Protein chains: 2
Amino acid sequence: MVAWNNFDKLESYKALNETECVDIAKVLTADRVKNYSVPMAAGMVYNYAAKQVDDKILDLLSKLSDEAELVEKYQELYNGAVINTGEKRLVLHQLTRGQLGNAVEADGVNKRDFYVEQQNKVAEFANKVHNGEITNEKGEKFTTAVQIGIGGSDLGPRALYLALENWAKKNGCFKMDAKFISNVDPDDAAAVLNSVDVSKSIFILVSKSGTTLETLTNEAFVKDALAKAGLDASKHMIAVTSETSPLAKSSDYLAAFFMDDYIGGRYSSSSAVGGAVLSLAFGPEIFARFLNGAAEEDQLAKNKDIRKNPALLDALIGVYERNMLGYDATAVLPYSQALSRFPAHLQQLDMESNGKSVNRFGEQVDYQTGPIIFGEPGTNGQHSFYQLLHQGTDIVPLQFIGFKNSQIGTDVDIQGSTSQQKLCANVAAQIVAFACGKEDENKNKNFEGGRPSSIIIGEQLTPEALGALLAHFENKVMFQGFVWNVNSFDQEGVQLGKTLAKKVLAHETEGALSVYSDLLNI
Amino acid sequence: MVAWNNFDKLESYKALNETECVDIAKVLTADRVKNYSVPMAAGMVYNYAAKQVDDKILDLLSKLSDEAELVEKYQELYNGAVINTGEKRLVLHQLTRGQLGNAVEADGVNKRDFYVEQQNKVAEFANKVHNGEITNEKGEKFTTAVQIGIGGSDLGPRALYLALENWAKKNGCFKMDAKFISNVDPDDAAAVLNSVDVSKSIFILVSKSGTTLETLTNEAFVKDALAKAGLDASKHMIAVTSETSPLAKSSDYLAAFFMDDYIGGRYSSSSAVGGAVLSLAFGPEIFARFLNGAAEEDQLAKNKDIRKNPALLDALIGVYERNMLGYDATAVLPYSQALSRFPAHLQQLDMESNGKSVNRFGEQVDYQTGPIIFGEPGTNGQHSFYQLLHQGTDIVPLQFIGFKNSQIGTDVDIQGSTSQQKLCANVAAQIVAFACGKEDENKNKNFEGGRPSSIIIGEQLTPEALGALLAHFENKVMFQGFVWNVNSFDQEGVQLGKTLAKKVLAHETEGALSVYSDLLNI
């Protein structure tokens, strides 16, 4: 049995607090860039040469990993322990892409088999849509898949769809457009519905509980539009939900695909939640390749040697930056337009998992936990908020992502280089600019440097690379949650707002809330 | 003459540091919500009842405003002083929407007249495109406007286009689609070009200097695509640039519209930079209405009474939160899907303006300046990062925005309320949940409260409201820059990365940078 202790009770905590961080500008040599690099899945690498660590600090982080039994906790997780203590649930999202340890039985079934079965059901359904066995009432092929979901049922799948859309078009495996309705703002659903041919659209209703207010409201919105178009909604909708939800056996849907309570919303992209829309958009083979990349990355996370475990190493360095160096935020900066919404997914993944003030036993912790996560693609960010990152009064650690090759391959040679080369040159330059800075007598043009970053580099953003990226960050967040001794798999912080919103709608408010309601004309 | 002093040299700085902030949960009464509210332009209000201030702190903030001569500095700015000390330039973006004070002469012309002239030229051009006087080579009407620009030439105009797209469609003034190419990632331009009919597209090249590498590269990308389609690029492109740039008199463009050095990129949305694309998309009348909203808000910013000056008040409370309460970030949370990219624009506006460590004289400052800005639309954010905002270990001040009415007006009534009511109920509920919290014996379900927010409430997101919102935040950032004594109008922090990227592309690197370049295959 592993021991669950608060971070500040560990010996490594004290030892790490007594270290001095590294002056990156002084140590960032060619050799260090070559050596401070860990292979990831799908041929990628995680390079941490520009982080404020050295071998001494890495050894202490390794001790921390051992002392906190991080890899053992991961083992317990994938072997089916009740890691989500708040909700008393197993945590099995890794099982949606591979068998990592022992067979896990729950609800009377082998859970790996269950997830594979759902994946196969989705694949079969998607193939029938693609080959015209499943059509609209007129026998016409569906051309658009519209996901109705919010939070984890939206951000992850949307980010992944955008990440592979152009790759799929280029590689001849693009099957149909995907659109997303998430916000309860009626203009969201109305605008999406105005942009599609509803008669040729298949709607994917995604809600684990089957009770998410926004999602059910948007379902009604869509059904209303289908009815007004004289269409039978039950011929246009499928559900992704849990077997116990009210949606599971309803005749309102063409088909239902299942997840379960062991897959948190923000960890559900590799379950049927991402599987349905991605298999419809790109074909089940592409979704399977995405899962293979994630599975390969999950295997790497089992390694106890932190220098060979990119997610674990990334997690530990992040903890060092948060708790020892006092940095409050991390910027995620993919040099890939296809990853435009990947930071928004990571924002949920990280902030909803580890933005907690109590440990897994419900006791207040005395140290900082999850940081703020934000980001935009480079080079766009360079022309936006990088000013603050370079010369602001706070230091923000940076997570770069870059690929050697573009997805579409169309390019132009201007001033002796292609756009792809310019893109890559910029991210290389930024790492060194942030780390090393540049002295200038004019203090307005002075760059202090000492601003840490890491970079994940891949050949191309393929389905496998995307799966590996997703799993890397899921596992990083998991390991950090273990260090902070928080439950990364519940989200009690979202409940109070829901409760109060219901009161507002029922006009059961008084005092300040009542006036705010009046001001907003409710 | 006003005096430019560092914040920590002011008497108010000391006085503010000696105050204790307010326990919002205790003071948030119905009366306070009614009273802590300031009218904005376009019928909006700025409500700050859930901020950690009381009349005593507000009086001190008022003294700070007087002592730092904030309104006088604004006066100097719009009357044409050299406020951008780093680049020795006037700062005249407010003049693009109205005459605020004295006539400003520069470059031998009256600058207000110059901006109006450009606005009129854009309007005339847009009208000719709309009525078919200006067409493609075949005499067909243009159907799409594609903006090529990055940073301020992209984020602001894109956010504004998205903000009004559905409103314009609903109100019968939608003229043509707009698309945006910004990133030097070749997949950005390639994907946009694949999504439009280039033969019916008009491309707007936006670069003040005419030398922005990303933008010129993407121009070449577009010209290549036009040539491959057998089209004459000069019949498909217009330029928005400064009169002194290489683009200004080139025969490569159908027309050129001018801005000048007194309009910073991130402040250029109300100049021809935003004017061209918005006038093409929605018609010049809509752009003019947007400018009117901004001009009205600019007038409010002249009021020395902080309780009647929403931008000034917002700025001062933000400074109090940053420097006295030690909060490092601010989240911008519009409950409006149409404002989906408005936080990304504010992120540039704020972080690029005030993310500085030196004052306007190039001397290091000893206090924190601009915070991190991030955000996503509600209710989506509620299902994402709000967990950390409610229960994380750091406090993040929140800027809500909400509207009583949707833009499209299509809605459904589910469980006794419309989607718009649900949307508004959620933002009202969140303010109170964050401020007041809720005790629970189960600490995992406990909400500490004390998390400050303000809200801007409008009737509907119209062109006028959007203009007022934009000006509000521009003026807020300006006032904060005055308090911190930084130059909010240059961006030296972006230079080093550019210089190093050029070295990488010229293969003039050594050491670490050379290895990074190799890893990225440059």
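At roughly what angle do the axes of helix 8 and helix 9 of chain A cross? In this predicted model, residues are numbered from 1 along each chain as its sequence is written, with chains lettered from A and ligands numbered from 1 in the order in which they are written. Local features need pLDDT of at least 70, side-chain atom pairs count only at pLDDT 80 or more, and totals for chains, interfaces and linings use all residues, while side-chain values use heavy atoms, with hydrogens and water left out.

Back to the helix pair. Two packed helices are described by the angle between their axes and the distance between the axes. Helix 8 (residues 186-195) and helix 9 (residues 213-228) of chain A cross at roughly 35°, and their axes come within 10 Å. Here axes are lines fitted to C-alpha atoms, for helices over the stretch in contact, and angles run from 0 to 180 degrees between N-to-C directions. Helices (H or I, at least four residues) and strands (E, at least two) are DSSP runs, numbered from the N terminus. The crossing of helix 8 and helix 9 of chain A is right-handed, that is, the near helix is turned clockwise from the far one by less than a right angle. Helix 8 of chain A brings P186(A), A189(A), A190(A) and L193(A) to the contact, and helix 9 of chain A answers with N218(A), F221(A), V222(A) and A225(A); contact means heavy atoms within 4.5 Å. Sorted by type, the residues of this contact come out as seven nonpolar, one polar and no charged. The classes put Ala, Val, Leu, Ile, Met, Phe, Trp, Tyr, Cys and Pro under nonpolar, Asp, Glu, Lys and Arg under charged, and the others, Gly among them, under polar.

The term covers a side-chain nitrogen of Lys or Arg within 4 Å of a carboxyl oxygen of Asp or Glu. D224(A) and K228(A) are separated by about one helical turn because they sit four residues apart in helix 9 of chain A. Over all chains, the structure holds 60 salt bridges.

Next comes the interface. Chain B puts 132 residues into the contact and chain A 133. About 11100 Å² is buried between chain B and chain A, 64% of it from carbon and sulfur atoms; buried area is the accessible area (1.4 Å probe) that two parts lose on being put together, summed over both. H383(B), Y516(B) and L520(B) give 7% of the area that chain B buries against chain A, more than any other three residues. Six salt bridges cross the interface of chain B and chain A. R341(B) and E376(A) meet in a salt bridge at 2.8 Å, N to O. Helix 15 (residues 419-436) of chain B supplies the largest share of the side of chain B that touches chain A, 15 residues. That side divides into 55 nonpolar, 54 polar and 23 charged residues.

The peptide bond from G378(A) to T379(A) is cis, with omega near 10°, and T379(A) sits in the loop between strand 11 (372-374) and helix 14 (386-391) of chain A. In chain B, a cis peptide bond joins G378(B) and T379(B), with omega about 10°. E69(A), not a glycine, has a positive phi of about 55° and lies in the loop between helix 4 (55-67) and helix 5 (70-78) of chain A. Not counting residues up to four places away in sequence, E69(A) touches M1(A), V2(A), A3(A) and L64(A).
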